[in-house]
Every structure is written in C-alpha cells, then in structure tokens.
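My plan was to look things up one at a time and jot down what came back.

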Amino acid sequence: RGGQYFSQLAGSLDHMKASGIPYMVLFLDASNEVLVRRYEQVRRPHPLQGDGGILDGITEERTVLASTAHRADVVIDTSNMSLNELARQIRAAIGVEAPPDKLRINVVAFGFKYGLPMDADNVADMRFIANPYWVEELRPLTGHDAPVRDYVFAQPGAMEFAEKYVEALDPILKGYIKEEKRFTTIAIGCTGGKHRSVAMSNEIAKRLREKGHS
C-alpha cells in the first residue's frame with residue numbers, strides 16, 4: 001500500500017500467467033473527491049503524497065497503478081457504495097456465495113448502577129418489575145435460580161414483555177442480516193444486574209433460539 005511493490009506487480013502477474021496459474025485482477029476505484037474526503041475523515045496522509053497534499057498522493061497513485069487498472073478483469077467504483085453493497089459486488093465478481101443468513105446474538109444482563117454495556121445495540125429496562133432483592137430469601141440468589149425466575153415472571157407484564165420484545169426485535173434482526181451485520185448485542189438491565197435482568201435475559205435468549213438464531 002505504501003507503493004514499494006507497485007513496480008513488481010506487473011512482473012508477478014506475467015510470471016503467474018506464463019506458469020499457467022489462473023488469477024483475477026479486481027480493481028477498486030473511487031472519485032478523487034471521495035478519496036480526499038475519506039482520507040480527511042480518518043486524518044491520515046496519503047502514503048504517496050510526500051510533501052504535497054492528499055490530492056497529490058492520489059494523482060501519483062493513479063499514475064503508478066494505471067497499468068494495473070488497464071489489466072483489471074473487474075473494476076468497481078466504490079464512490080457511492082456502502083460497505084454491504086461493496087461486499088455484494090465483490091462476491092458477485094469472484095463467484096462466492098453470500099454467507100448464510102445467520103446472526104449471532106449476544107444477550108447480556110447488566111446493572112444500571114454500573115452503567116450501560118458499551119457494545120449494546122439494543123437496551124431494555126427491567127426496573128418496571130418488582131425487585132426480588134427486597135424478598136429476603138431471594139436476595140442471595142440470582143435470575144438463574146428457579147425461585148427468582150418464578151417470582152419475576154409472576155409479576156404483571158413480565159412474560160408479556162418477553163413475548164412482545166422478541167416479536168419487536170424480529171424486523172431489526174432481519175434488517176441486520178440484510179445489511180451484512182453478523183453480530184449484535186442485546187442488553188437487558190435492572191438495578192444491580194443480578195435478578196430481574198438475568199431472568200429476562202435467559203427467557204429472551206431461549207425465545208430467540210427457538211426462532212433459529214444463534
């Protein structure tokens with residue numbers, strides 16, 4: 001990427017061709033305006049710009065890659081593409097099927113008093129359910145224990161929430177797959193992250209598995 005192998009590329013391709021090794025040259029391009037904007041967004045210099053500006057580096061890069069672009073089997077202009085559109089174009093170009101429509105879901109329980117999980121895509125609040133913490137015999141237990149689970153789901157609205165929340169997640173999860181997002185985290189919170197959120201997380205995870213999610 002820094003330019004040091006550009007001069008060797010043409011010779012390497014010629015050698016592969018002479019040796020009977022099949023290959024495809026896939027060339028990704030974009031307009032100068034888009035490339036400049038991308039470099040400015042990541043605040044990195046172009047590797048070939050030297051003492052000049054970003055556009056100088058892009059111009060130099062176009063010069064040294066001209067022969068490679070000319071030999072390309074497929075050229076894709078990424079100027080107006082999203083990442084998932086680019087992924088689909090590349091798979092189509094090289095004849096690779098899309099990955100299976102599977103989404104890996106991480107369901108986590110947390111306590112609001114400790115803060116939200118930083119990687120959470122969706123957050124739900126279980127503090128509308130009576131707190132088992134205030135029941136002395138349940139206090140040392142967790143939402144993994146049957147007495148706590150039974151207490152939580154005996155509360156008004158608890159089981160109804162689990163059912164309707166998983167139903168509400170359905171178009172979101174399908175959209176993630178459509179947009180090439182393969183991992184997501186659903187965070188279920190209560191005050192301390194020990195009783196209500198754990199019981200609800202287990203119930204939601206069970207229902208998502210029944211729908212075929214991982």
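Which helix holds both Phe 161 and Tyr 165, and how many residues apart are they? I looked them up: both lie in helix H7, residues 158-178. They are four residues apart, about one turn of the helix.

I checked the confidence, and the protein averages a pLDDT of 91, with 96% of the residues scoring at least 70. Among the elements, helix H5 (residues 83-94) has the lowest mean pLDDT, 85. Helix H6 (residues 146-153) has the highest, 98. I'm keeping in mind that where pLDDT is low, the predicted coordinates should not be read in detail.

Next, the aromatic rings. Rings count as a pair if their centres lie within 6.5 Å, and by this rule I get four aromatic pairs. One of them is Phe 161 with Tyr 165: the ring centres are 5.1 Å apart and the planes sit at 15 degrees, so I wrote the pair down as stacked. The cut-off for stacked is under 30 degrees.

Is Tyr 165 buried or exposed? Its relative accessibility is 15%, so Tyr 165 counts as buried; the limit for that is under 20%.

Then I went looking for charges over rings. The charged end of Arg 127 sits over the ring of Phe 112, 3.7 Å from the ring centre. I noted Arg 139 too: its charged end sits over the ring of Tyr 133, 4.4 Å from the centre.

Back to H7, this time for its packing. H7 packs with helix H8 (residues 196-210) at an angle of about 50 degrees, and their axes are 10 Å apart. That angle makes H7 oblique to H8. Their crossing is right-handed.

I looked up another helix pair as well. Helix H2 (residues 32-42) and helix H3 (residues 54-64) pack at about 125 degrees, with axes 10 Å apart. That makes H2 oblique to H3. I have the crossing of H2 and H3 down as right-handed.

Last entry: a proline. Where is Pro 147 found? I found Pro 147 in helix H6. Pro 147 is partly exposed, with a relative accessible area of 45%. I also checked Pro 147 against Glu 137: they are 10 residues apart in sequence, and 9.2 Å apart in space from C-alpha to C-alpha.

Note on methods. Residues numbered from 1 in each chain as written. Predicted model: local features only at pLDDT ≥ 70, side-chain atom pairs only at ≥ 80, totals over all residues. Heavy atoms only, no water. Phe/Tyr/Trp six-rings, centres within 6.5 Å; stacked < 30°, edge-to-face > 60°. Helix = DSSP H or I, 4+ residues; strand = E, 2+ residues; numbered from the N terminus. Buried < 20%, exposed > 50% of the residue type's maximum accessible area, 1.4 Å probe, protein only. Lys NZ or Arg CZ within 6 Å of the ring centre and 35° of its normal. pLDDT = per-residue confidence, 0-100. Axes fitted to C-alpha atoms, helices over the stretch in contact; angles between N-to-C directions. Parallel < 35°, antiparallel > 145°, perpendicular 65-115°, else oblique. Left-handed = near helix turned anticlockwise from the far one by under 90°.
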